[in-house]
Structures are given as C-alpha cells and as structure tokens.
Amino acid sequence: MKYKARLVAKGYVQRQGIDYEEVFAPVARIETVRLILALAANRSWKVHHLDVKTAFLNGELIEDVYVSQPEGFEKKGQEKMVLKLRKALYSLKQAPRAWNVKLDGSLKKIGFKKCVTEPVVYTRGQGLSKLVLGVYMDDLLVTRGDPREIEIFKKQMTSEFEMSNLGLLSFYLGIEVE
C-alpha cells in the first residue's frame with residue numbers, strides 16, 4: 001500500500017482582500033478534453049498522461065502568509081513564533097492560482113503559447129507538427145505525431161518539476177481512451 005502525506009495549513013482561516021486577492025485558476029472543461037482527444041484520434045496521434053507530484057507546493061506566494069509552527073516541530077524557546085511561507089500549501093485559497101502561474105511561466109519558458117480562447121491549452125510548433133498540451137490542475141495531456149518531441153517535452157518538465165509519467169492515456173475524467 002502506498003501512503004501519501006500532505007503539508008496542509010491546518011485550521012487557518014483566510015479572508016479575501018486581507019490574506020489573498022486572487023484564487024481563480026483555469027481548469028479544463030470536459031469539452032476541451034474531448035476536443036484534444038478528437039484531434040489526436042483524427043491524426044492518429046498517441047496521447048500521453050503526466051502528473052505533477054505535489055503541484056500546489058510548487059506555487060510561489062505573492063502575499064505574505066504566516067502559519068504557526070507545526071505540532072512536534074516547534075523550535076525550542078521560540079514556540080510562539082510563526083513561519084512565513086514562501087511557497088503555497090494545500091488548503092490555502094491561493095494555492096491553485098499560484099501553481100497555475102508557476103506552470104504557465106515554465107511552459108512559456110520552453111516555447112509554449114497559451115491558447116487565446118482556452119487558457120488550459122498550450123501549443124508549441126507550427127501546423128500539423130504542433131505539440132498540443134492540455135492542463136487539468138496537476139494532470140497534463142500531451143499529444144503530437146512525433147513521439148521524439150513528446151519525449152523532449154517530458155524531459156523538460158521533469159527537469160522543472162517532480163513528475164509521474166503515466167504513459168499512454170487509457171482512462172481520464174470518466175473517459176476511456178483506446
């Protein structure tokens with residue numbers, strides 16, 4: 001059995017306008033996922049699935065967020081001191097947005113362009129050789145005719161983030177893919 005641990009801001013109550021401003025992070029609509037799958041099927045492309053491990057912990061905070069020292073990890077003599085977070089934690093309201101901003105910057109740095117009408121779709125390249133990427137929080141769907149380009153993309157992403165390469169897409173958001 002595999003156990004997972006998450007560092008979570010326990011009991012922290014945030015107030016909009018005081019502790020955070022923006023929380024919105026775009027998420028792929030099911031129609032967008034279906035469109036990417038239809039494009040891949042039409043062109044006989046394979047769709048690869050990647051998962052970013054602990055994605056929200058990669059997001060960099062722009063707001064000042066302070067938390068109590070975790071129970072059992074208090075610094076002796078300074079138990080009443082608080083910690084200032086530099087990166088997001090799970091359960092912070094701004095964590096999804098901070099992650100999305102980080103991912104967006106990383107993708108642009110390696111040559112991707114964000115779709116104007118669908119902010120969770122990115123492309124790199126021209127014409128029929130375009131690499132197409134769909135983002136659903138911490139899951140990435142990538143497709144293109146040339147598997148070498150997909151492998152290059154995977155290497156670029158694993159150099160930036162801790163990733164799980166889930167291989168060819170077989171089941172996603174209730175859709176079975178063959």
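Buried means under 20% relative accessible area, exposed means over 50%, and partly exposed lies in between, with a 1.4 Å probe and protein chains only. This is a predicted model: local features need pLDDT of at least 70, side-chain atom pairs count only at pLDDT 80 or more, and totals for chains, interfaces and linings use all residues. Residues are numbered from 1 along each chain as its sequence is written, and side-chain values use heavy atoms, with hydrogens and water left out.

Begin with the overall layout. The protein has three helices and ten strands. These elements are DSSP runs numbered from the N terminus: helices are H or I with at least four residues, strands are E with at least two. Read from the N terminus, their order is α-β-β-β-α-β-β-β-β-α-β-β-β. Of the 178 residues in the protein, 39% are buried. A contact means heavy atoms within 4.5 Å. Take the contacts between residues at least 6 apart in sequence: 68% of them join residues at least 24 apart.

Next, the sheet. Six strands form an open sheet, in the order β4-β5-β6-β7-β1-β8, with antiparallel pairing. Two strands pair if DSSP finds at least two bridges between them. The edge strands, β4 (113–114) and β8, each pair on one side only. Strands β1 and β7 run antiparallel and are joined by six bridges. Lys46 has Arg144 of β7 as its bridge partner.

Now helix α3. This helix covers residues 147–160, and its end C-alpha atoms are 20 Å apart, which agrees with the 20 Å that its 14 residues should span at 1.5 Å a residue. The expected span is 1.5 Å times one less than the number of residues. Ile150, Phe153, Lys154 and Met157 are the buried residues of α3. Seen down the axis of α3, these buried residues fall within an arc of 100°, so they line one face of the helix. That arc is taken over the directions from the helix axis to the C-beta atoms. Arg148, Lys155 and Ser159 are exposed on the other side of α3. The buried residues of α3 pack against several elements, including β1 (46–52), α2 (95–109) and β7 (139–144). At the start of the helix, a side-chain oxygen of Asp146 comes to within 3.0 Å of the backbone nitrogen of Arg148.

Move on to the core. A nonpolar core is a set of buried Ala, Val, Leu, Ile, Met, Phe, Trp, Tyr and Cys residues joined through side-chain atoms within 4.5 Å. The largest one here has 42 residues, and Phe153 and Met157 are among those with the most contacts inside it. At least two residues each come from α1 (30–42), β1, β2 (60–68), α2, β5, β6, β7 and α3. Helix α2 gives the largest share, five residues. In soluble globular proteins, nonpolar side chains tend to be buried together. Leu140 is another of the residues with the most contacts in this core. Its contacts beyond four places in sequence include His48, Val52, Leu103, Phe153 and Met157.

Val52 lies in strand β1. Val52 counts as buried because its relative accessibility is 0%. Val52 and Met157 are 105 residues apart in sequence, yet 9.0 Å apart in space, C-alpha to C-alpha.

Finally, a loop. Gly125 sits between β5 and β6. Its relative accessibility is 40%, so Gly125 counts as partly exposed. Gly125 and Lys113 are twelve residues apart in sequence and 9.2 Å apart in space, C-alpha to C-alpha.

Technical notes. A polar contact is a pair of N or O atoms within 3.5 Å; within protein, one must be able to donate a hydrogen and the other to accept it, and residues adjacent in sequence count only if both atoms are side-chain atoms.
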